[in-house]
Amino acid sequence: MSASSLPLPVLDLGRFRSDTAQRAEFLRDVRDAAFGPGFFYLTGHGISDRLIRDVLIASRNFFALPESDKLGVEMINSPHFRGYTRAGREFTRGQPDWREQLDVGAEREAFPFSRSAPPWTRLQGPNQWPAAQPELKPLLLRYQQEVTALAIKVLRVFAAALGQSEDVFEPIYAPAPNQLIKLIRYPGRSAGDSDQGVGAHKDSGFVTILLQDSVAGLQVETDDGWIDAPPLPGSFVVNIGEILELASNGALRANVHRVVSPPPGTDRLSVAFFLGARLDATVPQLTLPPELADYARGVTQDPQNPLFRDVGRNYLKGRLRSHPDVAQRHHADLLEEYTIQPGLAAAY
């Protein structure tokens, strides 16, 4: 499929650093994408084809490991919600997502456990790495570093599109942003089974940078219904998270999306990167310049998934809901406080 026939806009990041006229046009395109689908394809991103290829190959190799090796790093062992999740063990709005995945966050030491500490401190900690694939750790940490730098560039683009200083969000992500990589494999399913690869949801962070293989399945909700976002070689799919919606009073809107399972005999591979604010941060509300004030539509209200400006509380809520087995084993004391009904709504 050519870029001109795609349902989502294709934006070249190189235009952001071009001359004044091209930059202004680029920022208008960004605002149009944000006000419309909330998604776009990003080219000119600067991440090498070789690194992208290596990450996709390593992801495929991980999912090809014997089940015992994958279960050796199962998420149920991690109070920090890191590691492998079998298909059907993560939930979105009460329904199981048919995907297996490996969650890799920032590689940081855990805080000492204390019930008197803010609950979000439990989220920081080491990753679990498969002993059978020692090359995975250095590769994914390198990719995490490069895609974090890219996501921050995208964040600066959104700031400029809102008429703000490019570094307006830096106080709530520096020096330790919330980072999460998900290696995801969607197995094929027959027509008689649920087609929920992952159910309809929004992302909770600043932005998501999604790498897709060659198999389609991502769909974005619009006023005209669901539209497909098939892979475009050499690009990432970028979408807006709830932090930007809160900060911009809805000028940038986190949009609902889902993944439909591929047909039997096939599978789909993707690598999602989520950039979030520091867990101890509070999301501000920006003052938009008069010429952009009409873009502010207000924050979407969902009684099943309330949004908090306290970043750690919002993120912890999503993790507890998405992974009820981990929540029950490691954080049962928090379930009443967060009014958690298992599987009510996923954060990612």
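Strand 7 (residues 178-187) and strand 14 (residues 267-276) pair in the antiparallel sense, with 10 bridges between them. This is a predicted model. Within that pairing, L180 stands opposite F274 of strand 14.

Strand 7 also pairs with strand 6 (residues 100-105), again antiparallel, over 6 bridges. Here L180 of strand 7 is the bridge partner of G105. L180 therefore links to G105 and faces F274, while strands of a sheet pair through backbone hydrogen bonds, either parallel or antiparallel. Is strand 7 mostly covered, or mostly open? Mostly covered: 9 of its 10 residues are buried.

Another group of 4 strands forms an open sheet in the order 8-13-10-11, with antiparallel pairing. Strand 8 (196-201) and strand 11 stand at the edges. Each has a single partner strand, so one side of each lacks a neighbour in the sheet. On average, neighbouring strands of this sheet are turned by 30° against each other, direction ignored.

Strand 10 and strand 11 pair in the antiparallel sense over 4 bridges.

| Strands | Sense | Bridges |
|---|---|---|
| 7 and 14 | antiparallel | 10 bridges |
| 6 and 7 | antiparallel | 6 bridges |
| 10 and 11 | antiparallel | 4 bridges |

**The loop at D223**

D223 lies in the loop between strand 10 (218-222) and strand 11 (225-228). Why does D223 count as exposed? Its relative accessible area is 84%, and exposed means over 50%. D223 and F35 are 188 residues apart in sequence, yet their C-alpha atoms are 12 Å apart in space.

**Two nonpolar cores**

The largest nonpolar core has 70 residues. Which of them touch the most other members? They are Y143, F158, F169, F206, I209 and L244. Helix 4 (residues 136-161) supplies the largest share of this core, 15 residues.

Leaving aside residues up to four places away, Y143 touches L51, V55, I181, L211, F236 and V271.

A second, separate core holds 29 residues. Its members include Y186, V198, A229 and L320.

Technical notes:
Residues are numbered from 1 along each chain as its sequence is written. This is a predicted model: local features need pLDDT of at least 70, side-chain atom pairs count only at pLDDT 80 or more; totals for chains, interfaces and linings use all residues. Side-chain values use heavy atoms; hydrogens and water are left out. Buried means under 20% relative accessible area, exposed over 50%, partly exposed in between (1.4 Å probe, protein chains only). Helices (H or I, at least four residues) and strands (E, at least two) are DSSP runs, numbered from the N terminus. Two strands pair if DSSP finds at least two bridges between them. Axes are lines fitted to C-alpha atoms, for helices over the stretch in contact, and angles run from 0 to 180 degrees between N-to-C directions. A nonpolar core is a set of buried Ala, Val, Leu, Ile, Met, Phe, Trp, Tyr and Cys residues joined through side-chain atoms within 4.5 Å. Contact means heavy atoms within 4.5 Å.
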